[in-house]
Amino acid sequence: MQNEIVKNSVVTLNYTVRDTDGAVIDDGQHPLVYLHGGYDGIFPVLEETLHGKKVGESFQVKLQPEDAFGDYDEELILVEDAKLFPDNIEVGMSFERTSDDGEDDIIYRITDIADGKVVVDGNHPLAGVALVFEVTVAEVRAATAEEISHGHVHGAGGHHH
């Protein structure tokens, strides 16, 4: 059985994510399972920290906003006319919109509705937040050839086709 995290390992992590004040952001109720080795399954800084770790090792890593969900971008806050939206919208609802350059789809959340205007925010809810990951390596196994060719984990905890 494989014990060390190396490229093309399927890694199972038990984890908790908190902000720098200690508030729980993700209680890690479900273990995180990802394909290690630059497949964009987790944040690159976290993946670099995990490389070479062994089953049973626990550690803490702090990610600055630029290493997690990015810095908060004021330009992603838009005030739109309420007539552009359906009548049944509520604060907290999300919708997808293609960026002005047509490159990316951005998820916008409605943050306020007042005086015939709707305020929408295209920032990730955790943009601008430093995250503290408490991680324990629960399991490591060699990835299958199919997982490597697809770039993600299959089966329990992973991707199902």
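**Walking through the model**

Analyst: The side chain of His 154 makes a polar contact with the side chain of His 152, at 3.2 Å. A polar contact is a pair of N or O atoms within 3.5 Å; within protein, one must be able to donate a hydrogen and the other to accept it, and residues adjacent in sequence count only if both atoms are side-chain atoms. This is a predicted model, where local features need pLDDT of at least 70, side-chain atom pairs count only at pLDDT 80 or more, and totals for chains, interfaces and linings use all residues. Residues are numbered from 1 along each chain as its sequence is written, and side-chain values use heavy atoms, with hydrogens and water left out.

User: Where does His 154 lie, and is His 154 buried or exposed?

Analyst: His 154 lies in the segment after α2 (145-150). Helices (H or I, at least four residues) and strands (E, at least two) are DSSP runs, numbered from the N terminus. His 154 counts as buried because its relative accessibility is 14%; buried means under 20% relative accessible area, exposed over 50%, partly exposed in between (1.4 Å probe, protein chains only).

User: OK, switching to the inside. Which residues have the most contacts inside the largest nonpolar core?

Analyst: Leu 46, Leu 50, Phe 133 and Val 135, in a core of 19 residues. A nonpolar core here is a set of buried Ala, Val, Leu, Ile, Met, Phe, Trp, Tyr and Cys residues joined through side-chain atoms within 4.5 Å.

User: Which elements supply at least two residues each?

Analyst: β1, α1 (44-50), β4 (58-63) and β9 do. The largest share, five residues, comes from β9.

User: And what does Leu 46 touch?

Analyst: Setting aside residues up to four places away in sequence, Leu 46 touches Phe 59, Val 61, Leu 63, Phe 133 and Val 135. Contact means heavy atoms within 4.5 Å. There is also a second, separate core of seven residues, with Tyr 108, Ile 110, Val 118 and Val 120 included.

User: How far is Glu 134 from Leu 13?

Analyst: They are 9.8 Å apart, C-alpha to C-alpha, and 121 residues apart in sequence. Glu 134 is partly exposed, since its relative accessible area is 31%.

User: What about Asp 115?

Analyst: Asp 115 has a positive phi too, about 50°, although it is not a glycine. Asp 115 is found in the loop between β7 and β8 (117-121). At 79% relative accessibility, Asp 115 counts as exposed.

User: Last one: where is Gly 102?

Analyst: In the loop between β6 (94-98) and β7 (105-114). Gly 102 counts as partly exposed because its relative accessibility is 47%.
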